[in-house]
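Work through the exercises below with the sequence and the 3D structure at hand. Each task is followed by a solution in steps.

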Amino acid sequence: MSSWLERQGSSHQTQLIATAILSGITVIGVVFGVQAIRRQVAMDDLKASIPNVDEPHDIDTVPVFGTHSTRPQLNREDERAADLAQRAQQGDYDEELIQEQLTRTASFLTPEGLSILRSSFVIIVGLGGVGSHCTAALARSGVSYIRIIDFDQITLSSLNRNAVATLADVGTPKVTCVRKRLEAVAPWVHWECFNEIWREDYGDRLLASWSGGERKKPDYVVDAIDNIDSKVTLLRYCYEHGIKVISSMGAGCKSDPTRVYVGDISGSIEDPLSRTTRRRLRMLGISEGIPVAYSIEKAGPGKAELLPLPEEEFRKGGVGELSVLPDFRARILPVLGTMPAVFGYVIANFVIMELSGYPHESGGRTGREKLYESVLQGLQAAEVKLARAEGEDVQGLRIPISKDDVAYLIEEIFRGKSVLSGLPTRLALIRWRRSTHGYQPDVRWEGQKVSRLQLSDLVCMTKEEAAVHEKKVLADGAKPEDIYEAEVVALVRRRLDEEQAMDRYR
């Protein structure tokens, strides 16, 4: 054995192999040593770059959903625009250049109107198609203090409707993109960017006064959110805090720009998003006083519809997990890129007219207050008549239905039409079925007699139809299924199911 080792040790080939192995080990050791030194140097540099808390420094707040910094990644051209904007916002910009850029606006609104506009502070919540176009129009028109709020990022699919985004912006926060692009257009505009979602418990901060210089309160808020829950809470917050707000209703599935109007939310029609928003706000005691941009375009054969989820997604379960965030829609809403722009410019135009004091008109309210009062009186009389027919003392009988409840049922649940004939005039509300417990008033509260009536008991008919229905069904005891066609019964069932589903928001 020893002789074999001696022969191998004296072998030139063996010596070469051993030398190579030792050299390899040495090189590997050197490489790892160098890498360790570099890591240590990099770590030391990183630690050295972190300032102490007491030192002056810039820190970006991490957004609620963990998206990256809103600081834009700039190329040379963007850097020049950003530098110019920074100087302009600090006052280092020729006022004559601003006046020249805004000369057409000044000639329209008058110099006094433009001056008001330039001192205005507007907040835009939601920077999709509607919000980005609205923001661009406001900045180009002279509004000089703009706060934008959105949690989302630019995607490829949003380039068909975003006002300023390019392919280079895909993956960046919308607030970053909008500010960066518009600073190159109107460098004097002051910006505040919030890369986060609107939530009511953040309202005091998100809708607070302007943070820089004079604590200026917002002159107007633009709601360009497409999520119902967020939209309703934003509108309620503004309504209850006396902040002027205008809301965008649905631009999806719309194609006719001549059918877009601005009017009070109580009068908006033919818009599913508006209908749902109205219902939810009515539940909160808000029935009017909020201007909205909406389309009266009707749906029809061959027109775009909300796309269904593929059947395989339902089979997988957990459909709600497909949404970007909890309670956000998971289905795809077809959007023609021109329509969000139309909505955005209609809203921007309204805000500019309002802020500058320029004379303008918009759609009014429903003008049906007398109708609601009449229907309420008729319902009261019908309940008294039914109770009296059963020998009840009806003196002082009251019904637990208000005028707002009447408006909600007629406009939101029954679409302003009779469930029988579809006629929109001479309307009334009446019980759909005879009560199984009779019409004895509730007298549990001393000194009060209250009809045992609920919103889900009522349907909308014309007065003539209601009179016949009262005799056959409520007085004689016939079942609606025995009198009316199956289509009518099914329609009533759908409408009452809607009311019960909405009742959870009361």
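**Exercise 1.** Describe the salt bridge between Glu192 and Arg147.

Solution. Glu192 pairs with Arg147 in a salt bridge whose closest N and O atoms are 2.6 Å apart. A salt bridge here is a side-chain nitrogen of Lys or Arg within 4 Å of a carboxyl oxygen of Asp or Glu. Strands (E, at least two residues) and helices (H or I, at least four) are DSSP runs, numbered from the N terminus.

The model is predicted: local features need pLDDT of at least 70, side-chain atom pairs count only at pLDDT 80 or more, and totals for chains, interfaces and linings use all residues. Residues are numbered from 1 along each chain as its sequence is written, and side-chain values use heavy atoms, without hydrogens and water.

**Exercise 2.** Is Glu192 buried or exposed?

Solution. Apply the cut-offs: buried is under 20% relative accessible area, exposed over 50%, partly exposed in between (1.4 Å probe, protein chains only). Glu192 has 9% relative accessibility and therefore counts as buried. Arg147, at 2%, is buried as well.

**Exercise 3.** Locate the salt bridge between Glu183 and Arg179 and classify both residues.

Solution. The N to O distance is 2.9 Å. Both residues lie in helix H7 (residues 174-183), four residues apart, about one turn of the helix. Glu183 is buried at 10% relative accessible area, whereas Arg179 is partly exposed at 28%.
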